Amino acid sequence: MAKRYNQYCPVAHALDVVGERWSLLIVRELNHGPLRYTDLHERLGCGTNILAARLRDLEGGGVVQKRKLPPPAASTVYELTASGEGLRSVLHALGWWGLRTLGPPPADVVLQPGWLRGALQMALWSVALAGTIEFRASGEVAFVVDGDVVAAATGEPDTIVEADPVGLYHLLVDGDLDSVEVSGDRALLEGLLGALPTPPPLPASV
């Protein structure tokens, strides 16, 4: 049974619901859409007993729900409830804060398939933009269409950005256009960067 803070405080209450280890990472994965239990386990890599317990806690807290897909799939998936979707802004703020301390990815890091789309969704959560930008990085492709991050887009993009993971990091966090190759409408990319929130300062100890 999860421990409780037993404080009448909204922060303590929120942590009672999603503060256990792995809970917010489950919400992070479901933020991209419904997943089967086996998909969640594969992506997270935590113990099956821990995953099952966290899912029960999140269901009990009204954050996650189960749904049976219609035939021919006929699988049970987990998905965020309307209340759980309200955590998207929390994940964005937490991720944006953590980027500065985390730093760019090291050369030996293994990035999971779909990492580019996930990184863009984290960085561009609240950006409104008219136009299409195609991002290419280490074999991954994702698009920003009118401010929404999607896996595919129709028509020709206005701007194409090519980078490695380190260059993409410096583009999004530091606004460093020299870290990537840009073709097409460069001003559209500059407008995108200008609409991003200012990254928080690094902690004094870093």
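Helices, as the term is used here, are DSSP runs of at least four residues, and they are numbered from the N terminus. In this predicted model, Asp108 lies in the loop between helix H6, which spans 88-102, and helix H7. The relative accessibility of Asp108 is 66%, and because exposed means over 50%, this residue counts as exposed. Asp108 and Gly61 are separated by 47 residues in sequence, and their C-alpha atoms are 38 Å apart in space.

The sheet considered next is an open one, in which 5 strands follow the order E6-E5-E4-E7-E8 with mixed pairing. Its edges are formed by strand E6 (148-150) and strand E8 (181-184), each of which pairs on one side only. From one strand to the next, the twist averages 20 degrees.

Helix H8, formed by residues 165-174, lies across E4 and E7 and runs at about 125 degrees to E7.

The pairing of E4 with E5 is antiparallel and involves 6 bridges, with Phe135 standing opposite Ala142 of E5. The hairpin of these two strands has 2 residues between them, and in it Ser138 takes a positive phi near 50 degrees. Strands E5 and E6 likewise pair in the antiparallel sense, here over 3 bridges, and Phe143 stands opposite Val150 of E6. In the hairpin of E5 and E6, which also has 2 residues between the strands, a positive phi near 50 degrees is found at Asp146.

The largest nonpolar core has 26 residues, and those with the most contacts inside it are Leu120, Leu124, Ile133, Phe135 and Leu171. At least two residues of this core are supplied by each of H7, E4, E5, E7, H8 and helix H9 (186-194). When residues up to four places away in sequence are not counted, Ile133 touches Ala142, Phe143, Val144, Thr159, Val161, Leu188, Leu189 and Leu192.

The axes of helix H2 (residues 23-30) and helix H3 (residues 37-44) come within 11 Å and cross at roughly 115 degrees, and the crossing of H2 and H3 is right-handed.

A search of the whole structure finds 0 disulfides. Cys9 has a relative accessible area of 26% and is therefore partly exposed, a class that lies between the cut-offs of under 20% for buried and over 50% for exposed. Cys46, by comparison, has a relative accessibility of 6% and so counts as buried.

Notes. Residues numbered from 1 in each chain as written. Predicted model: local features only at pLDDT ≥ 70, side-chain atom pairs only at ≥ 80, totals over all residues. Heavy atoms only, no water. Pairing = 2+ DSSP bridges. Axes fitted to C-alpha atoms, helices over the stretch in contact; angles between N-to-C directions. Contact = heavy atoms within 4.5 Å. Buried < 20%, exposed > 50% of the residue type's maximum accessible area, 1.4 Å probe, protein only. Core = buried A, V, L, I, M, F, W, Y, C linked by side-chain atoms within 4.5 Å. Disulfide = S-S within 2.5 Å. Left-handed = near helix turned anticlockwise from the far one by under 90°.
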